[in-house]
Amino acid sequence: MKSRALVLSFLVLRLAADSTLCQVPERSESGLTLRPPEAHLDSGSVFHALTGGETQLVLSSDAPLQKLAATSSRMVGYLVVPYDVDEGGPPIAAGAFRIPVRSLKTGLERWDRALLGSRFLDAARHPEVLFTISSASSFSTPEVRGDSLTFTVEVKGRLAVKGQDVELTLPATLNLIPSRLSLYSKTFGDYAALKGEVTIDTADFGWKPSPRAAPLFGSRIHVSFHIVLSSVPPDRDIDPFIDRTLHARRLRFDNLLQDTDDPVETYRFGNRLMVDLWDDAEGLQGLVESVLRKPGVARRNYAFALKAAHRAVELSGAKSARFLTALAQVYYERGEMDQAISWQQQALKEETGLGPRGRAAVESTLSRYLAEARAIAPEE
Amino acid sequence: MRNLLHDRQRRIVPILLFGLVFSFGHRSSLHAQLWDQFGGPNRNFRVESGSLSASWPPEGPRQLWQRELGDGYSQVLYEQGRLYAFCRRGERDVVVSLNADDGEVLWETSYDAPLLPNQIAEFGPGPIATPALVGQRLFTYGATAKFHCLDKNSGRIIWSKDFAGEMDRGVGRGAGASPVAFGDLVIQLVGGRDRAVVAMDQATGEERWRSPHYSEGYSSPLIGRVGSHDLLIVAEGTVPSQISNPLATRNRTALDPRSGELIWKVPISGGDYTMSILDLGQDNLLFGSSAYDGGTRVIRIRESDEGSLQAELLWSTRKMRIAFGSYVRLGDHVYGSSGNYGPTLLIAIHVKTGKIAWRKRGFARASLLAADGKVLILDEEGSLAIATPSPDDLVIHSRARVMERISWTTPTLAGTRLFIRNRKTIKGLQLGLENPRAAAASRREEK
């Protein structure tokens, strides 16, 4: 009886603890946005973080003997700004963000690996850092510049790292900039930008360096964030006739490639997508280019890319220089130089319609392949 | 003898009275069944109708018929049991007249209309502009800037003009302003230097006047009256080459429809990529809204003691931005679908103050039309709803998916029949109150 009561008490306490945990909505089908709950959607305009572009987050330690700065541009999330924010009241009603741990890059490969390890962020068990905003207060009237508003705010929320979450209050600036033609290169929507800085104590997340290690690792992390958001979700294509489901899956594949370390799931998803794109040369080419060229991909499966690239070339009748050079590059990455050179040469044929600049670029790459092939050929 | 005459009078008078009542009632019901230009008979998306059922079965209102049509976004016209639709098949513009009862083709006329060299067809090749039905003539303006006058009974082309061929211009994403009639003129916003607004004789096409430089746009001009003045109100668009120029002016203007003479002009600051639908209320408030970095603006027009007109901006806001859907003004509120690529909301806004009364989620970009004290809402996903709007709320009575996306064209309501189209198909729906058993029997027959 006593042990049963203890177990029950533990469970109750555990549940109570869980209820205070950072609750961040799940990602959308594309993986590039989150799914705000209905209550958030009714609270105001939802602005979605523009992910994959500029740096959104910079973390740096205060260690006296080692300066590490990790950046991420892969944060996804949203803010809710009340509709009539210009008439007073809190400028932020809610918000939530997910930061893939794998997206944090120091520029030093060994530190990138170390950060993912169990000693630091333990990406295998906690692949994302989570942040929710519960409220924001503005202590002064907004600064008005034309039709843009700037609020100085104090944001309250919860930050969860490695399964531990803490309450956070941090000062920030919120800029609201309505859509304008000159900004369409970024997106068509209205903009919000949330900027700020905060210093957090690593001990709050269960990590404290030993006295010997302290000069190298520090015990506080300075977080600087600059999140640009848009009222148009990043997975929204303005082409009204696009197949939205396929488009979302296409984006999801990129998301799996770049933000997860799960090649099994990534390429299982990719294979299913390839089946649906089997008669779509451009769609297949997109898969090839993602595997070949997207930054931060944990595992580039060139067998997968080869299958898609060959089919794209077949569908295009071998008349697309873009498809042919991508196929050549896949072979190059696999170390199959003869095939790489052969397909690259194919791209120079007249029927591929290359202009002078395109031709020069293809020839340059071909020269590089030829030089490498000669360099690695066994000496006679 | 006197008694006999008296008796005959007693029989005849009621018959005469009945005839008068019937004829008046019939004319008003005929007028109620008319959609002869962009926005309906009054160019404001408000029509008289029969009683519309607020309760639909899950599959939606009963479909009367459906047929393939062709590409384009023009509204369908209706008059006396006939529909007039403007579409495109391949490289040809097609004007077709259909029997409204069953969708059968009565006549069809087409002409070559290859896309212009710089025409951008990312949203389709058009046509965009809605024709105008005036007397026995039907006036069409295609996306490639070809203007035609046809005989509405036979489809015979009476005269035509090619504005793109005569003048060197681009049509952007397709010429989109709908023609409007005034007296014996048909007036078209063409755009560009020296050929901006063109007024033509309806019978012959002879050009009667032409206004000076205008930026072309997709906004359809409006004929209105303020005091003793007839006005042709035009929303100037954005010349593609000036899109990035924040200093380029775009104006709401009013011209004398008889001469093209400028009466007033109100400059619009900042960007206003104009697809704005204009509405002039009885209170002489001119409402217009556009998306992108546009917004909603109300211009107040006043007649001075000397009889001249002045116009000034009363208020503007970016909290309501209508992309291309129609909106309706009922009383002091406008009800419309705001938003473009981001979230879209149905919004009620006070015309005199710009205060937002309410916002509702749940529809993609939508077009509205008002009839029978209700609004019909058709969103681009093909979802149709019937609702009762008020300054306090929007009560949705029924909703059903009736069309494939993309449904960007405002439906046409004639009586209790609704005609909707997208880029491929046209269909007729029955929205009137029906005997449930008869309706069910009709559905079984259709299956």
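Here is a short chat about some helices in a predicted model.

Biologist: Let's start with helix 5 of chain A. How many residues has it, and how far does it reach?

Modeller: Keep in mind that this is a predicted model. Helix 5 of chain A covers residues 244–259, which is 16 residues, and it spans 22 Å from its first C-alpha to its last. That is close to the 22 Å expected at 1.5 Å a residue.

Biologist: And is helix 5 of chain A mostly covered or mostly open?

Modeller: Mostly covered, with 12 of its 16 residues buried. Among them are A:H247, A:R249, A:R250, A:F253, A:D254 and A:N255.

Biologist: Why does A:H247 count as buried?

Modeller: Its relative accessible area is 17%, and the cut-off for buried is under 20%, so A:H247 makes it.

Biologist: Which residues does A:H247 touch, leaving out those up to four places away in sequence?

Modeller: A:D235, A:D237 and A:I242. A:H247 itself sits in helix 5 of chain A.

Biologist: Switching to A:T266. Where is it, and is it buried or exposed?

Modeller: A:T266 is in helix 6 of chain A, and it counts as buried at 2% relative accessibility.

Biologist: What separates the C-alpha atoms of A:T266 and A:N255?

Modeller: 8.9 Å, and the two residues are 11 apart along the chain.

Biologist: New topic: helix 10 and helix 11 of chain A. At what angle do they pack?

Modeller: About 160°, with the axes 10 Å apart. Helix 10 is residues 337–346 and helix 11 is residues 356–376.

Biologist: Why call that roughly antiparallel?

Modeller: Because angles over 145 degrees count as roughly antiparallel, and these two helices of chain A therefore fall in that class. Their crossing is left-handed.

Biologist: Which residues make the contact?

Modeller: From helix 10 of chain A, A:M337, A:A340, A:I341, A:Q344 and A:Q345. Helix 11 of chain A contributes several, including A:V362, A:L366, A:Y369, A:E372 and A:I376.

Technical notes:
Residues are numbered from 1 along each chain as its sequence is written. Chains are lettered from A and ligands numbered from 1 in the order in which they are written. This is a predicted model: local features need pLDDT of at least 70, side-chain atom pairs count only at pLDDT 80 or more; totals for chains, interfaces and linings use all residues. Side-chain values use heavy atoms; hydrogens and water are left out. Axes are lines fitted to C-alpha atoms, for helices over the stretch in contact, and angles run from 0 to 180 degrees between N-to-C directions. Helices (H or I, at least four residues) and strands (E, at least two) are DSSP runs, numbered from the N terminus. Angles under 35 degrees count as roughly parallel, over 145 as roughly antiparallel, 65 to 115 as roughly perpendicular and the rest as oblique. A crossing is left-handed if the near helix is turned anticlockwise from the far one by less than a right angle, and right-handed if clockwise. Contact means heavy atoms within 4.5 Å. The expected span of a helix is 1.5 Å times one less than its number of residues. Buried means under 20% relative accessible area, exposed over 50%, partly exposed in between (1.4 Å probe, protein chains only).
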